[in-house]
Amino acid sequence: MQPEPHAKPPKKQPPGGMEWGGAIGGLFLFALSIVFMVGGWQLGLGVPTRLGVGAFPFLTGAVLSVLSIFICIAERKGDGLSEVPDWVALVAIAAALAVFAASVERVGLVPGVWATVIVASLPDRSLSFPGKAVLGVAVALGCWGVFVKLLNLPFKSFVGIF
Amino acid sequence: METLANFGGGLLVVLEPQNLMYCFIGVFLGTFIGVLPGIGSMAAIAMILPITFYLDPTPALVMIAGVFYGAEYGGSTSSILLNVPGTPAASITAIEGHQMAKKGRAGVALFSTATASFGGGIIGMIVIAFLSPSLAQLALSFAPADYFAVILLGLIAASAVSNGGALKGIAMVITGLMLGTIGIDLTTGVTRFTMGVPELRDGVHIVIVAMGLFGVGEVIASIRGARSGTAAQTVDYNNFYPTRDEWKSLFAPILRGGAIGSIVGALPGTGQTIAAALAYAVEKKVSPLRDKFGTGVLPGVAVPEAANNSATQTAFIPTLTLGVPGSPPMAIVIGALMIYGITPGPRLLTEQPDMFWGLVASFLVGNIMLLILNVPLIGIWVRLLRIPYKYMYPTIIVLICMGVYSLNNNVFDIWLTLIIGVAGYVMRLFRFEPAPLLLGFVLGPMMEEQLRRTMLLSRGDPMIFLQRPISATLLMLTVLIILFALVSSLRARRRNRAAISSTN
Amino acid sequence: MKLGFKLATAAFAVAALSSTAALAEPGAWSDEPVRIVVTFPPGGTSDLVARLLAQHLDTDFGQKAVVDNRPGAAGTVAADYVAQQAADGTTLILSNNAPFTIAPTRFANLPYDPLAGFTHVAYIGASAPGLFVQPSSGITSLQEYVAFVKETPMTYGSSGVGSISHILGEAVDAALQVESIHVPYQGSAPAIQDFRAGALDSFYDMVVQNSDMIEDNEAIALAIASPERNPQLPDVPTFKEQGYDVVIENWVGLSGPASMEPDTRAKIHETVMAVFASADVQTKLTDLGITHVAMSSENYEALVADLIGVWAPLIEAAGIKE
């Protein structure tokens, strides 16, 4: 049988689009590494035998900056993003965490958890709002039972009411 | 043979009803708390500490130990099911474990970890029983230079943990190292990169990094499936139990993991995380299934579990025989002992043989209890997976928040988790793996501390690394491993090029 | 399914943990459980003292108490938190040097006032640190130490930058007019481990807590920084008696937010003193290396004020002022 001439496999579309997506990741890393290199430099590098406070950040930043450049180059025609970014989910979860942070000490554990659950489940269109509210209550009570009663962690259950 | 006699005596101690009961309570509580993300063994032990005051030292110690390794085991459950590591060491288990769960093989994964933990625990117990004095001696002779060499080896292993390509793996480890410098520099007390934020003075807590990178990132990535109303992860009930061949394939990894874990765990400060990472990296090189690592292979799930369970147990060696806590929970153990007027130290073996051997024997009993407790639970956990994800994921988010908040009762930590979580999702998009970053983050500060301390102690002489036998050997080993990796990747590339050109 | 499991676990664990359930019961000064905030993570000495106190308050006086660890920022996180709580005796702090006598000098911007921001209620006791050297060095007295170090500087381990052992080390250097190399660790245990491994020449730590090492001749205690010799280790001379005015102690006490009712303050003081008057508790304290001294609230408050002044020059000399 004749061996087939070496043919390039058809170009796969990366699932997330943005074929050069990986390169952006490299750029992020590069930027981060510069931050630490500058910071480390400012903190003082010391001498090799008596390393200064900034030596480690600077060195790791330096190595990372080089590596990230390589990554940019390698990823220019790479596999791209692993999936289409789900911005709605990102915002919803971020908002849920923010809600928890803002509410748990102001209104207490139970209302805070309830609100968090609702915000987190916002992107879920298959669950109605009353359904979300009920879920919130269930989770909030469960958390109260487990964390406050059982484990005796210092959470305020309700602020301003109890 | 004296050891066997001692062990027998310890077994008698442990089989006393009171000790048995507290062993069970410890193991039960530990597993339950370990499953909750973020609340690891530290919080669990602090929680039961008040009860221990009413007890005698032996049942108290047995209970605390039970909580400790129970939590470690529980941590693997949430790792596998949810990709949210219950403890940092469990993040390695999550690599293969969660992949298996995604393929419907959660049951198999959970059985494997149960078996592996049991196996690792037994190995750890044997090591303690027979090798305590020698390991204590070994730990005693470790100087900062030697620790640096061990941690460096651990870091190289961490780079090898990445399944997405060496370049990205190393970059992630370095990023972790870099981020680990945030906070107070231990050697000089100067704050680094805290940008004036007082909560960052003590650095970013590892639980926050783990929860953010793994937990939050995973939830964000998984919502899409939930939103469209697709059911939860499928469970392949035909594949519930491991097959005979799969059971057999667990044997060697458990031995390897247990061995690595027992030794690494006995070195104070290195801990279960390094043990799990090292074991996984070694397994990747040695296992017949090495090419499949990253897609969900049994050895990959078993080895870190065996390693971290045995490390959890041998961590008691430096704690009890040297009074040096291997990790924060061990510091609590030492504190608890001191309240009883028992000073950990070389004398403990001779002055408190009943307690020591009762503890060692309790590892056997406790691990058996864990097995009996958890095997039926596997069915329940797996059924949990069938709850539609749309109900699960807000719960997971709440659990993550609770776990993080319980660290310091400070909402700042939640905000931090938010930022890291977003970064974790973005990383996932760019196909950067979180596990190497976590490892770099854990190991980096330790490595820097030991490096600068070595320089201080040697009055600035770098030759000390080669002068001390342990560090010299380890460093040479590290160099050899790097060289070997470079050579084999060059050869692989040459082979690939040859293969491509030969088909032309 | 999930709920059923949760209930079952709850039932079981409640039975096991019933001793720690927070129920309202009449207590010595508060019907609610009292929280004792600790500045360090669980397992440290101040944490253990707090737990000891909490346990005895409960068993001996029916006053429910729980320990709340809030470590961070060298004790200032806990102190800041307590300063903001209600001054009704339900939130107290296990005070020690870190937030009250070291932090005020060390940190320029402290969010709380160590004296006006708190009601200092009860003094518990103190332990004293000292200097340890390797037995292999052949040094058995402070004079020999001075002679040696003037030739060859020694490395000394401390439990951290800004810790008592660090400050003591610098103070001793200043008094003896020598220069040693400070090697900080995270806590004293790793320092002692390196010492045992032979990598560290000397270290500073609480003396009584290391009496095992002294007895086994694994370390030689050259001097202790208490005003007088410790009865448990009568052979260890003090710095003071050898002509060096170095007196540094690690004290612990109980304090609460500012403007506490005098009655509440007195009641708490009375109860705490009663707890520590018992021989059983005192034995446990001495096991932790702490010597109990009964003191009035006013004297305690004056002591804290005094100590801030005593420590200030030492902190500045140690170069850790930020």
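My notes go chain by chain, with a few stops at single residues.

**Before starting**

I reminded myself that this is a predicted model.

**Entry 1: chain A on its own**

I began with the secondary structure of chain A, which comes to five helices and two strands. Reading along the sequence, I wrote down the pattern α-β-β-α-α-α-α. Next I looked up burial: of the 162 residues of chain A, 39% count as buried. I also checked how far along the sequence the contacts reach. Taking contacts in chain A between residues at least 6 apart in sequence, I found that 61% join residues at least 24 apart.

**Entry 2: where chain A meets chain B**

How many residues does each chain bring to the contact? I noted 61 residues from chain A and 56 residues from chain B. On the chain A side, the elements that each supply at least two residues are helix H1 (21-43), strand E2 (50-51), helix H2 (55-75), helix H3 (87-103), helix H4 (109-120) and helix H5 (129-150). H2(A) gives the largest share of that side, 11 residues. I then sorted the side of chain A that touches chain B by class, and got 39 nonpolar, 15 polar and seven charged residues.

**Entry 3: the two domains of chain B**

Chain B is divided into domain 1 (2-467) and domain 2 (468-504). Their C-alpha centres lie 30 Å apart. For the contact, I noted 14 residues of domain 1 of chain B against 10 residues of domain 2 of chain B. On the domain 1 side, helix H7 (144-161) and helix H20 (464-467) of chain B each supply at least two residues. Which helix gives the largest share of that side? My note says H7(B), with eight residues. The classes for the side of domain 1 of chain B that touches domain 2 are 12 nonpolar, one polar and one charged.

**Entry 4: a helix and a residue in chain B**

I picked out helix H18 (residues 412-429) of chain B, which has 18 residues. From its first C-alpha to its last, H18(B) reaches 26 Å, close to the 26 Å expected at 1.5 Å a residue. Of its 18 residues, 13 are buried, so H18(B) is largely enclosed by the rest of the structure. After H18(B) comes B:Arg431, whose phi is positive, near 60°.

Then I turned to B:Ala302, which sits in helix H12 (residues 298-314) of chain B. Is B:Ala302 buried or exposed? A residue is buried if 20 or more other C-beta atoms lie within 10 Å of its own, and B:Ala302 has 35 C-beta neighbours inside 10 Å, so B:Ala302 counts as buried. Leaving out residues up to four places away in sequence, I listed what B:Ala302 touches: B:Ser112, B:Thr113, B:Ala116, B:Leu250, B:Pro253, B:Ile254 and B:Gly257. I also looked up B:Leu399, which is 97 residues from B:Ala302 in sequence and 26 Å away in space, C-alpha to C-alpha.

**Entry 5: the sheet in chain C**

Six strands of chain C form an open sheet, in the order E2-E1-E3-E10-E4-E11, with mixed pairing. Strand E2 (65-69) and strand E11 (291-292) of chain C stand at the edges with a single partner strand each, so one side of each is left without a neighbour in the sheet.

I followed strand E1 (residues 34-38) of chain C, which runs parallel to E2(C) and is joined to E2(C) by five bridges. Among the bridge partners in E2(C), I found C:Ala65 for C:Val34 and C:Val66 for C:Arg35. E1(C) also pairs with strand E3 (residues 91-96) of chain C, in the parallel sense over three bridges. In E3(C), the bridge partner of C:Ile36 is C:Leu92. Four of the five residues of E1(C) are buried, so E1(C) is largely enclosed by the rest of the structure.

**Entry 6: the two domains of chain C**

Last, I looked up the domain bounds: chain C is divided into domain 1 (28-126 + 250-318) and domain 2 (129-242). Their centres, taken over C-alpha atoms, are separated by 27 Å. The contact takes 11 residues from domain 1 of chain C and 12 residues from domain 2 of chain C. Helix H4 (97-106) and H11 of chain C each give two or more residues to the domain 1 side, and H11(C) gives the most, with four residues.

Notes. Residues numbered from 1 in each chain as written. Chains lettered and ligands numbered in written order. Predicted model: local features only at pLDDT ≥ 70, side-chain atom pairs only at ≥ 80, totals over all residues. Contact = placed C-beta atoms within 7 Å. Nonpolar A, V, L, I, M, F, W, Y, C, P; charged D, E, K, R; others polar. Domains from an automatic or database assignment. Expected span 1.5 Å × (residues − 1). Buried ≥ 20, exposed ≤ 12 C-beta atoms within 10 Å, placed from the backbone. Pairing = 2+ DSSP bridges.
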